[in-house]
Amino acid sequence: MHLPHNPLLIFVGSRRAGRMVHQERLIERHPSSFSAVKTITTCPEEKHGDGPWFIRTTNEDASKFPIDEMLTFFQEGRSRYFILKREVASIRAKSLIPLVGMSPDGLERLESRSSSIRDLPYLAVILTPADPDQFRDHLILDQGLEPELAVEETRRAIRLSTIPPSMGKSSSIFPVKVHGNNLDAKLVEEAIASLLSPP
């Protein structure tokens, strides 16, 4: 599996929309092509499967990162997330495609950075609920969430897949409408396949 020039492949969306699942699936199926970018976070809560994706730090230590070492950063709630240029560069140096997840704000900041900071190509797969009501119902019926939490998670999935108007119609952004069920794997795989160049 090959992408042109080993770009940074970004997944934008919530966990409930499958962001982590789709990234992990790519690495499991194509370990010689993809590798996880470690995101530095001040979030103290570790969730199942976080190991390959996050390095935890304190707010005090995070405030010491030089701005020119950051590819981008974003905030979710009280937690901050930082993606460092060296983390991406180390993966590309191995001729692998770096994979990372971020919020729309993180993507907007990445796009707005100067060329000296954003000196690599990127492609962003945006995971957004195709039908919010169907997405909510799937969370209730198939994942066992309480209705109030399902509504909250559906709103979060929509918010975390809404690209800021300032980004316009970037040729690096590829939206994928997800339903919150097993059909999503095929939809995401088709979207990734459409980005592939011949080996």
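Arginine 159 counts as partly exposed, at 45% relative accessibility; here buried means under 20% relative accessible area, exposed over 50% and partly exposed in between (1.4 Å probe, protein chains only). This is a predicted model, in which local features need pLDDT of at least 70, side-chain atom pairs count only at pLDDT 80 or more, and totals for chains, interfaces and linings use all residues. Residues are numbered from 1 along each chain as its sequence is written, and side-chain values use heavy atoms, with hydrogens and water left out.

Arginine 159 meets glutamate 76 in a salt bridge, that is, a side-chain nitrogen of Lys or Arg within 4 Å of a carboxyl oxygen of Asp or Glu. The pair links helix H6 (residues 147-159) to strand S5 (residues 70-76), 83 residues apart; helices (H or I, at least four residues) and strands (E, at least two) are DSSP runs, numbered from the N terminus. Glutamate 76 is buried, at 16%, and joins Arg156 and Arg159 in a network of salt bridges.

The whole structure holds eight salt bridges, including these:

| Pair | Closest N to O |
|---|---|
| Glutamate 189 and arginine 29 | 2.5 Å |
| Arginine 136 and aspartate 137 | 2.9 Å |

Now to strand S7 (residues 97-102), where six of six residues are buried. Ile97, Leu99 and Gly101 lie on one side, with Pro98, Val100 and Met102 on the other. Strand S1 (residues 8-12) pairs with S7 in the parallel sense over four bridges; pairing takes at least two DSSP bridges between two strands. Leucine 9 stands opposite leucine 99. Strand S2 (residues 34-36) also runs parallel to S7, joined by three bridges, and serine 35 stands opposite proline 98.
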